[in-house]
Amino acid sequence: VTWHTSAQPINPVLLAVEGDSFDFANAKSYEVDTFNWMMTHDGDEWICSGVIDGLKFDTTYSVKFGDYSVNAWSDVYTFTTREENPETAKFIYLTDTQQKEPTTHTDGKTHSRTYNTLNDAFTRFPEADFIAHGGDLVQEGAYACQWQGMLYNFEDYLFDYPMQFVNGNHERIVNGVRDNPHNTDKIFNIDYPGKNNPNYDMQNGVFYSFDYGPLHYVCLN
């Protein structure tokens, strides 16, 4: 789970509790990493990232996140894990949605190619188990407003479908100048060999794999 904040986090925390619940009195808390992401037109922006582990199959969980020190909290979100041994696995593959518009709540999502593509895909294939994106989520990776627009257009699906992403060339290079190459894996907390190595050159690609029921999914970027 990742979230963004315009204020440097003091005591960020990620909470999860079993069931569809707003009662977090007995919730389990998870360690959170924080880092300064990039300068936006509103100032610095920070990302908080935590991993919920130890989940049961075919079980609903509620989560919320925020900062204890200032009593600032997100909405409560719910998700349900998959059954233990599904006989089939289906996923939607997208690529090159290239969010360009700095979409905001006042602009509306329907003006975005990203949202229209996602909405069409999930309208036609709601039974998908997860979504994979082959890169180029934004048009120009140096502009925070495009990342913010992309997240805004993805938000309806973020807790309904697991998502797997990789970098494309648009996330990494703008006008021939190399931008921060770790935007995608920071925002979506992708795990891959070399993740914690500051000298790892993502220009050479990212690779990872996972099992989903009978499917072994291998990403070679």
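Helices (at least four residues) and strands (at least two) are DSSP runs, numbered from the N terminus. The model under discussion is predicted.

1. The second largest pocket. This pocket holds about 210 Å³ of space. Of the 17 residues that line the second largest pocket, Trp3, Thr5, Gly66, Asp67 and Ala72 are the closest to its centre. Three strands, S1 (2-5), S6 (60-67) and S7 (72-73), each supply at least two residues of the lining. By class, that lining comprises ten nonpolar residues, six polar and one charged.

2. The phi angle of Asn71 is near 55 degrees, a positive value in a residue other than glycine. Asn71 counts as exposed because its relative accessibility is 61%, and the cut-off for that class is over 50%.

3. Asp136 is found in the loop between strand S10 (130-133) and H2. Is Asp136 buried or exposed? At 6% relative accessibility, Asp136 counts as buried, since the threshold is under 20%.

4. Helix H2 as a whole. Nine of the eleven residues of H2 are buried, and the helix is therefore largely enclosed by the rest of the structure. The buried residues include Trp147, Met150, Leu151, Tyr152 and Phe154, together with Gln146 and Asn153.

5. Gln146 in H2. This residue lies in helix H2, which spans residues 144-154. With a relative accessibility of 4%, Gln146 counts as buried. What lies 3.2 Å from a polar atom of the side chain of Gln146? The backbone nitrogen of Gln139 is found at that distance. Leaving aside neighbours within four places in sequence, Gln146 is in contact with Gln99, Lys100, Val138, Gln139 and Glu140.

6. Cysteines. How many disulfides are there when cysteine sulfur atoms must lie within 2.5 Å of each other? The count comes to zero. Cys48 is buried, with a relative accessible area of 1%. Cys219 is buried as well, at 9%.

Notes
Residues are numbered from 1 along each chain as its sequence is written. This is a predicted model: local features need pLDDT of at least 70, side-chain atom pairs count only at pLDDT 80 or more; totals for chains, interfaces and linings use all residues. Side-chain values use heavy atoms; hydrogens and water are left out. On a 1 Å grid over the protein atoms alone, a cavity is a set of points where a 1.4 Å probe fits but cannot get out, and a pocket is an open set with protein on both sides within 12 Å along at least five of seven lines; lining residues have an atom within 4 Å of a point. Grid points are joined across faces, edges and corners, and a volume is the space filled by probe spheres set on the points. Ala, Val, Leu, Ile, Met, Phe, Trp, Tyr, Cys and Pro count as nonpolar, Asp, Glu, Lys and Arg as charged, and the others, Gly among them, as polar. Buried means under 20% relative accessible area, exposed over 50%, partly exposed in between (1.4 Å probe, protein chains only). A polar contact is a pair of N or O atoms within 3.5 Å; within protein, one must be able to donate a hydrogen and the other to accept it, and residues adjacent in sequence count only if both atoms are side-chain atoms. Contact means heavy atoms within 4.5 Å. A disulfide is a pair of cysteine sulfur atoms within 2.5 Å.
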